[in-house]
Amino acid sequence: MPVEEKRRSPGHRWLSWLGAAIGIALVGVLVWRLDWRQFAEVLRAARPEFVLATFLAIVAEQLVRAWKWRQILTPLCGAGTLHLFGATMAGYLASLLVPLGVSPFVRSWLVARRHQVAMSSVLATVAVDRSVDGLVFAGLVVLVVLSAAVPDPDGALTLGLVIGAGASAAAIVTALLLLVLHRRHAASGAGLVLAIAERLPARFAVRVRSVATGFAGGVVWPGEPWRGVGIVAAAVVIKLLAASHLLWAGLAFGVLQPPFAYLALVAILGFIVVLAHVARIPGGFAVGSVFALDLFGVEEETAAAMVAVVVAATLIAVGVFGSWGLWAHGVGLRDLRRRGGTADVAP
């Protein structure tokens, strides 16, 4: 059993059980409301070319994500896009096998292992990468609100999106400032983390100091301006590709929404996924997608079929390319489970 599991408090376990109960209840409501005969008929009528387009859009999104991560990693190592794509997909596969949020650790470990750099440094680049994504997402939410693309007669959902975007942007900017301060302090041998390390027993102090210093070394940004512009542009493209998932899945069943509707769905589902992850609610994306599509007038059976296509295409992509990524790195599933369970951040 992983160390994290052993040390969980009873309150933490109860929260996990509560999240699971909420997830099961939401799935139960959806199952109860669906007309399963109509759902089966809708699925049978799916157009295969658009189902394939959904799969390709998912793969393309992750390739762009890998290219973006490559630009951030440039000051640390010369990892290639395909290598980072395989590591990213292997991380997603790890999250399916070890549902403890281990994806960033696993992909950082794979890259650090290949290029002989500190894993904590690579992990810091993941934090920078996700911060860029978060800021672009906040900008997307503002664009959606200004375009009035969300069907929201009483304004409650729009207000929630504005508050969520503002809070997210503020939190991300604060986190980035803390990362920059940590890098500066670590370079001079000072800072809160290193000060805490000095008060620990010697064997723990060395470990904490090493991880903190390595993490600080990964708070980087490429020196070439074109790379910086490319990182932000890639983050925008990623959001557009994410919006296209439901576009292609909808076209498979004859559903077509206005362009801004798909951006609105990405904005709504982005917050649902985060809340579901924090509250440990399984099936949050699937159930949330069905109810979000209902806001745009899509019948529940058709919405469920669209979500089924996206989920199935995602699982196939993660299974195929995640397995390929592990094979390319010479790592087996047993190694992945053991590394994912410990979530170590050693070099």
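Me: Which residues of H14 do Phe-285, Ala-286, Ser-289, Val-290, Phe-291, Leu-293 and Asp-294 in H13 meet?

Reply: The model is predicted: local features need pLDDT of at least 70, side-chain atom pairs count only at pLDDT 80 or more, and totals for chains, interfaces and linings use all residues. Numbering starts from 1 along each chain as its sequence is written, and side-chain values use heavy atoms, with hydrogens and water left out. Helices are DSSP runs (H or I, at least four residues), numbered from the N terminus. With contact meaning heavy atoms within 4.5 Å, the H14 partners are Glu-300, Ala-303, Ala-304, Met-306, Val-307, Val-310 and Val-311.

Me: At what angle do helix H13 and helix H14 pack?

Reply: H13 spans residues 284–295 and H14 spans residues 300–328. Axes are lines fitted to C-alpha atoms over the stretch in contact, and angles run from 0 to 180 degrees between N-to-C directions. The pair is therefore oblique, a class left over once under 35 degrees (roughly parallel), over 145 (roughly antiparallel) and 65 to 115 (roughly perpendicular) are taken out. The axes lie 9 Å apart, at an angle of about 140°.

Me: Which residues of H14 does H11 meet?

Reply: H11 and H14 pack at about 120°, with axes 9 Å apart. They are therefore oblique too. From H11, His-245, Leu-246, Ala-249 and Gly-250 take part, and they meet Met-306, Val-309 and Val-310.

Me: Is Ala-292 buried or exposed?

Reply: Ala-292 lies in helix H13. Beyond four places in sequence, Ala-292 touches Leu-265, Ile-268 and Leu-269. Buried means under 20% relative accessible area, exposed over 50%, partly exposed in between (1.4 Å probe, protein chains only). Ala-292 has 3% relative accessibility, so it counts as buried.

Me: How many salt bridges does the structure hold?

Reply: A salt bridge needs a side-chain nitrogen of Lys or Arg within 4 Å of a carboxyl oxygen of Asp or Glu. Glu-61 with Arg-65 qualifies, with closest N and O atoms 3.3 Å apart. The total is six.

Me: Which residue forms a salt bridge with Asp-133?

Reply: The closest N and O atoms of this pair are 3.0 Å apart, and the partner of Asp-133 is Arg-65. Asp-133 lies in helix H7 and Arg-65 in helix H4, so the pair ties together parts 68 residues apart in sequence.

Me: Which residues do salt bridges that share partners join into one network?

Reply: Lys-68 pairs with Asp-129, the closest N and O atoms being 2.1 Å apart. Lys-68 lies in H4 and Asp-129 in H7, so this pair ties together parts 61 residues apart in sequence. Lys-68 is buried at 0% relative accessibility, and Asp-129 is buried at 1%. The network joins Glu-61, Arg-65, Lys-68, Asp-129 and Asp-133.

Me: How far away is the nearest side chain of opposite charge to Lys-239?

Reply: Lys-239 sits in helix H11, residues 225–251. Beyond four places in sequence, Lys-239 is in contact with Asp-133, Val-136, Phe-137, Leu-140 and Val-266. Lys and Arg count as positive and Asp and Glu as negative, while His and the chain ends are not counted. Lys-239 is buried with no salt bridge, and the nearest such side chain, Asp-133, is away by 5.3 Å.

Me: What is phi of Gln-116 near?

Reply: Gln-116 is in the loop between helix H6 (103–115) and helix H7 (119–147). Its relative accessible area is 69%, so Gln-116 is exposed. Phi is positive in this residue other than glycine, near 55°.

Conventions:
Helix = DSSP H or I, 4+ residues; strand = E, 2+ residues; numbered from the N terminus.
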